[in-house]
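Take a moment with the picture first.

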Amino acid sequence: MKELKIFGIVAIFTLVLYWGVEPFAHSQMHKHVEGHGLVYDGKADIEETVKDKKAMKTAFWADVKKIAALKGDPVAGEATYAMCAGCHMEGAANMGGVTPPSLEHAGAIYDKNFLIALIKDPAIATNVDHKYPNGTIAHPMGSVTTMVTTPQDIANVVAYLKAKKAGEVTPKEAYTEACGRCHANRYGHLTQLGEIPKTKSNIKTGQDIDALKYKEKVATEQAALADYLGTLPPDLSIMIRARSEHFLHTFIENPQSTLPGTAMPRTGLNKEGMEKVFAYLEKTGDPSKPLREETGPKVLIFFLIFAFLAFLWKKSMWKGHH
Amino acid sequence: MAHFDENAKPFSHKWMNERLAVDTLKRVLSTEYWIPKNINFLWAMGMVLAATFGVLLVSGIFLLMYYQPNTQLAFDSVNYTIMSEVGYGWLWRHVHGVGASVVFLIIYIHMFTGIYYGSYKKGRELIWLSGMLLFVLFSAEAFSGYMLPWGQMSYWAGMVITNLFSGGSLHADGLVEWIRGDYVPGQAFLNRFFMLHVLLVPLAIIGVIVLHFGTLRIPHVNNQDGEEFDFEEAAELYKAGKVKESKVIPFSPVFLSKDVFVMGIYFIFFFYLVFYHFEFAMDPVNFDPANGLKTPTHIYPEWYFLWSYEILRPFSTNVGLIAFAIAQVIFFTLPFMDRSPNVAPASRRGAFKYWFWALLIDMIVLTFMGKLPPQGIWSTVGLIAALTFMGLWILLPIITSKEKKL
């Protein structure tokens with residue numbers, strides 16, 4: 001039928017147009033970065049790093065592999081962990097630009113090999129060693145290299161984290177622990193200092209002194225972060241819509257491979273941690289998704305019926321016209 | 001004074017007729033507004049456009065109730081208030097965003113249908129010109145609307161496009177500042193584009209839509225074969241009950257029934273996009289808040305402006321601006337550049353047939369290149385496509401004046 005042929009031509013041109021301006025253009029505009037399946041073995045780090053660091057990094061990640069093979073003792077680990085808890089505690093203060101994160105769910109959301117590497121050398125593990133030309137000791141967590149030193153100690157602490165700090169974790173907790181100290185999320189009512197407290201304004205003056213004090217604290221924290229990292233890390237409220245899922249995934253896995261030279265450290269999230277963080281980003285950045293998925297089919301069914309009835313109407317109206 | 005029946009009940013048929021001539025209006029505007037019978041679904045695009053404009057208007061009114069035209073608040077009023085606090089705000093926003101993109105797809109289909117069937121010739125020039133005016137107004141509406149979420153692409157597109165008015169070597173920087181109301185896009189800029197988007201441009205669009213409908217009335221709608229016939233005679237035949245023999249159909253209900261069916265199919269497509277594929281119409285870059293200190297890696301307009309953007313880009317500044325200015329208005333000249341006396345589908349018009357497909361393909365190539373970074377092979381392809389575009393318009397009067405009369 002002629003009309004269907006015309007429709008086919010229109011449809012083909014429309015699809016070609018779409019292909020050119022969307023999938024094709026985006027494939028040409030952005031460098032494609034392969035993910036590495038949340039396996040933290042330093043492969044990408046060794047490939048990307050400058051020539052004279054290759055041998056050092058190869059040896060480092062080989063050591064990590066050896067430590068991972070050791071059997072850790074969680075009880076001994078708990079005793080060693082007391083040193084960690086001196087900084088990684090509730091209400092911790094900013095140290096050298098960043099506030100130490102809570103480790104309440106570290107065993108659940110971070111990869112085992114990554115944790116081993118992190119305790120061994122935080123700068124190399126997070127792949128930001130190029131930021132510390134004077135050595136890892138300048139890293140805010142650099143002192144760990146003098147505290148937990150033997151392979152067995154490292155294995156013990158990680159065994160402790162995996163055994164005792166691995167309870168059920170909510171998306172919000174995973175996000176707060178892994179991302180929340182550097183990135184605010186204003187749609188989730190989170191600043192770098194955590195949940196924005198509820199405050200009351202003075203009814204006579206209309207001013208909310210507690211809120212102003214809190215704002216000052218946040219501004220101070222942000223200034224320290226910006227000084228340390230070179231820029232204030234972006235708010236992540238709707239990052240899920242500003243970047244593709246693939247970009248976010250590979251970027252979180254290894255920020256350097258997507259944005260060479262970035263101050264963002266690798267966070268070492270495992271599968272569960274990554275899923276939880278994405279769930280939270282989706283909750284603040286695309287909160288309409290559940291309702292959208294529920295409403296979509298209803299609207300489409302309405303228009304299917306509409307089109308069918310319109311077809312019957314058209315048929316009856318055009319009866320005898322040809 | 002006209003005669004008014006004192007016994008007629010208020011708002012009864014007779015009462016209304018005496019005051020508003022409702023019967024005559026209905027006859028003139030619908031039941032005896034004659035449309036050729038020899039048409040296909042592309043003839044429904046006008047009503048599809050009217051419906052889409054309606055959808056944009058209604059969704060826009062809902063968004064307007066919560067949008068804040070303030071550089072500090074705009075971004076969050078769209079992305080937070082409307083998207084998560086207002087009941088079904090996300091739906092109105094996605095309908096509005098997808099509608100703004102899809103309306104241009106239909107406009108282009110509508111335009112190329114007109115070009116293919118020669119519906120801009122012999123008494124139909126004003127239909128074409130008023131339609132082109134609508135195209136320009138819709139472009140202004142789309143651009144001004146794109147500023148409103150105040151994201152990175154809003155800001156930088158606003159910067160780039162207003163910069164065009166400096167006229168290259170003319171350095172009319174004063175004009176650019178006057179348009180922006182500031183040295184860079186800021187509060188004054190956002191406020192005036194807000195005004196343009198929600199008042200002045202829509203008002204003009206509604207006016208020109210009425211004019212566009214008006215221009216159709218006397219020359220009548222074209223048909224699939226470009227056939228000229230006596231509409232009065234055909235109408236008499238139809239009214240006499242010989243609907244099969246008559247070459248016309250009334251706008252309502254016969255033509256309308258087909259329009260509504262096409263609209264039904266269209267809205268399935270439209271809402272499929274709204275619910276399952278809205279990303280194409282909402283650029284990710286615009287979900288980063290505007291930041292005058294951080295230029296995005298790639299700045300590109302929405303897909304419907306890409307072809308003319310690519311005519312600007314491959315040349316040096318001054319030549320590019322002139323080429324761009326020509327591309328913006330060249331379609332207005334179509335009825336006068338086409339010298340052929342034939343009103344017929346392009347397939348029967350010899351060289352024009354190749355001209356039509358060459359233009360369409362060239363504009364698609366320009367569209368592709370307009371989005372790609374201007375590097376290496378893409379720049380060369382873009383330059384060739386831009387030159388081809390210019391060449392095609394130079395060729396048009398030549399090939400059409402040589403066309404044989406059918």
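## Before we start

Helices and strands here are DSSP runs, numbered from the N terminus. Keep in mind that this is a predicted model.

## Where the chains meet

Let's begin with the contact between the chains: 51 residues of chain A touch 59 residues of chain B. The size of an interface is often given as the accessible area lost when the parts come together. For chain A and chain B that comes to about 5200 Å², with carbon and sulfur atoms giving 74% of it. On the chain A side, A:Arg241, A:Trp318 and A:His321 lose the most area to chain B, together 14% of what that side buries.

What about charges and polar groups? Four salt bridges link chain A and chain B; in one of them, A:Glu3 pairs with B:Lys258, and the closest N and O atoms are 2.9 Å apart. There are also 14 residue pairs in polar contact between the two chains, both residues at pLDDT 80 or more.

Which helix of chain A gives the most to the side that touches chain B? That's H1(A), with 20 residues. By class, this side of chain A has 31 nonpolar, 12 polar and eight charged residues.

## The second largest pocket

H1 and H16 of chain A, along with helix H5 (89-117) and helix H11 (251-276) of chain B, each supply at least two lining residues. The lining divides into 29 nonpolar, seven polar and 10 charged residues.

How values were computed
Residues numbered from 1 in each chain as written. Chains lettered and ligands numbered in written order. Predicted model: local features only at pLDDT ≥ 70, side-chain atom pairs only at ≥ 80, totals over all residues. Heavy atoms only, no water. Contact = heavy atoms within 4.5 Å. Buried area = accessible area lost by both parts, 1.4 Å probe. Salt bridge = Lys/Arg side-chain N within 4 Å of Asp/Glu carboxyl O. Polar contact = N/O pair within 3.5 Å; in protein donor to acceptor, adjacent residues only side chain to side chain. Helix = DSSP H or I, 4+ residues; strand = E, 2+ residues; numbered from the N terminus. Nonpolar A, V, L, I, M, F, W, Y, C, P; charged D, E, K, R; others polar.
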